Amino acid sequence: MSGFFGIRLARHLKKMMKYMRYVFNDHFILVCVFLLGGLGFYYSQVLKTLPENFVWGRPIVIVFWLVLLQIGRIATLAQEADKVFILPKEPEMNHYLNRAMRYSIWLPLIALILLGGMSMPLVVVSTGWAFSTFFYFIVMLGLLKISHLRLQKYELYQISTKEAQLWFAIWLITSGVAIALSLYVLPLAGLLIGLVQVMLFFFVMNKKETAVSLDWEQMVQKEKNRMHRIYQFIHLFTDVPEISSSVKRRKFLDPLLSNIKKTSQNTYLYLYARSLLRGSEYSGLFIRLVLVGGVILFFLKEFWISLGVSVLFIYLIGFQLIPIYTQFDYMVMTHLYPVPNEQKKQAVSKLVTVLLLAAAILFSVFVLIALPDSKEGLLVVGALFVEVILFAKFYVPYRLKKMEV
C-alpha cells in the first residue's frame, strides 16, 4: 500500500504543477517581493523601538508559534471510490497512512523554518539569547508538528468526537508548555518535552489503532475539504474545474444596477455586473482583498510602506478581476447577440474601473486614519486614483488583447 500511495502522489504532484505555473506568475511574485520587503522593513523598524527584555515578546511568540503549528493537514489523497475498492485492504492501510504522514510533514516544516526564522529577531530582543538557539526551537516545533500529524492520523479512525477533542487539548497544552519552557527557562527544555510528546503519541495511538477500524467516510471527507481549500487558493489565479462558485439572488443589491441603462450598448456591462453581484467567485475575491488590504493599511504608520502596499493591492484586485471577461464565452446565447466584441472590452473596463475606485476610496479612508501626517496621506490617495486611471486606460486593454490571442 505504500507503493500505491506513491502512485497517487505522483499523479497529484503532476496535477498541482500544472496549476502552479499559473499561481507563481510574474505578477504574483512581484507582489510578494514588494509586500514581504515592505513588511520586513516595517518589522525591523518596530524591533528597533522595543526595549531589551521586551515583556510582551515571549507571549506574542508563544501564540504565534501555536498558530503556526496549525499549518498543514495530513494528505491522505483518499478518493470516493476507496470506500468500496480499497476497503478489503484496510489491514494494510497503516503503511499507506504512514507514507501520507511522511509526505505531509514537508510543507509545514518549510513554513516553520521560514516563519519561525522571521520571529527569531523578536525572540532575541525578548530573551537576550543568541540566534544560534534557532536550531533548538525549530527541532522542537518540528517534533510538535509531527505529533499534530500523528493525532490527525488517529482521528481518521472510528473514535468519538469527545476523545478526539481530548487528545487535541492534550496536544495543545503540552505544546504550549514546551514552547513556554523553551522561551522562559531553556531552549533545550522545550525540545525534550517535544521529544517526549512524540514518543507518547506514537506509542499510545499505535496501540489504540489496533482496536478500531478506519472511518472511511470521514477520511474521504477530510481529504475533500483539504483539496477544496487548495483549489480555492488556486482559483484566485485561474479557473479550476474542481471548484464551482455558488449563485444567490441577492435582491437587495438590485438598486446598484439601476444606473445601468437597459440598452443594447450596455448588454455586457449589465451581464458582468449582475454576475458579480449574484455570484460568489469575483464578489468574494473583491471583498476578501479589500478587507485584507484595509486591515493592513490601518496598522501601517510609515508613508512609503503604506504607499507600496495600497498600490500593490489595487493592482492585485484589478488583475484578479480581469478574467471576468471570459465569464460568458461558453454560453451559446451570448454568441447570438448582435453586439460587437469591442463592447465586451468596454464593459469589463468600466466595471473594473468602478470596483477599483470603490477599493481606492476605502483604502484612502484607512490611509488617512492611519498615517500621522495628513499631507503624506493625501499623496497616497492621489497615487491610488492615478493608478486606477492608468490601470483602466492602459493595462486592462492590454490584458484583454493578450487574452484573445
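Reader: Where is L47 found, and what makes it count as buried or exposed?

Author: L47 is found in helix α2, residues 26-49, where a helix is a DSSP run of H or I with at least four residues, a strand is a run of E with at least two, and both are numbered from the N terminus. The relative accessibility of L47 is 14%, and buried means under 20% relative accessible area, exposed over 50% and partly exposed in between, with a 1.4 Å probe and protein chains only; L47 therefore counts as buried. This is a predicted model, in which local features need pLDDT of at least 70, side-chain atom pairs count only at pLDDT 80 or more, and totals for chains, interfaces and linings use all residues. Residues are numbered from 1 along each chain as its sequence is written, and side-chain values use heavy atoms, with hydrogens and water left out.

Reader: Which residues is L47 in contact with, once its neighbours within four places in sequence are left aside?

Author: With those neighbours left aside, L47 is in contact with P121, L122 and V125, contact meaning heavy atoms within 4.5 Å. For V125, the C-alpha atoms of the pair are 7.7 Å apart in space, although 78 residues separate L47 and V125 in sequence.

Reader: Why is S119 called buried?

Author: S119 has a relative accessible area of 6%, so by the cut-off for that class it is buried. Its place is in helix α6, residues 106-127, and, leaving aside neighbours within four places in sequence, S119 is in contact with Y43, F64 and W65.

Reader: What makes the approach of the S119 side chain to the side chain of W65 a polar contact?

Author: A polar contact is a pair of N or O atoms within 3.5 Å; within protein, one must be able to donate a hydrogen and the other to accept it, and residues adjacent in sequence count only if both atoms are side-chain atoms. The side chains of S119 and W65 make such a contact at 3.0 Å, and the side chain of S119 also reaches the backbone oxygen of G116 at 2.7 Å.

Reader: What is the phi of L77, and where is this residue found?

Author: L77 has a positive phi of about 55° although it is not a glycine. Most residues other than glycine have a negative phi. L77 is found in the loop between α3 (57-68) and α4 (82-85), and with a relative accessible area of 7% it is buried.

Reader: Why does S2 count as partly exposed?

Author: S2, in helix α1, has a relative accessibility of 26%, and therefore counts as partly exposed. Not counting residues up to four places away in sequence, S2 touches H95, R99 and R102.

Reader: How many cavities of 30 Å³ or more does the structure hold, and what makes a space a cavity?

Author: The structure holds 1 cavity of 30 Å³ or more. On a 1 Å grid over the protein atoms alone, a cavity is a set of points where a 1.4 Å probe fits but cannot get out, and lining residues have an atom within 4 Å of a point. The largest cavity has a volume of about 40 Å³, a volume being the space filled by probe spheres set on the points, which are joined across faces, edges and corners. Its lining includes M1, F4, R8, Y96 and W216, and α1 (2-23), α5 (93-104) and α10 (216-234) each supply at least two residues of that lining.

Definitions and conventions. On a 1 Å grid over the protein atoms alone, a cavity is a set of points where a 1.4 Å probe fits but cannot get out, and a pocket is an open set with protein on both sides within 12 Å along at least five of seven lines; lining residues have an atom within 4 Å of a point.
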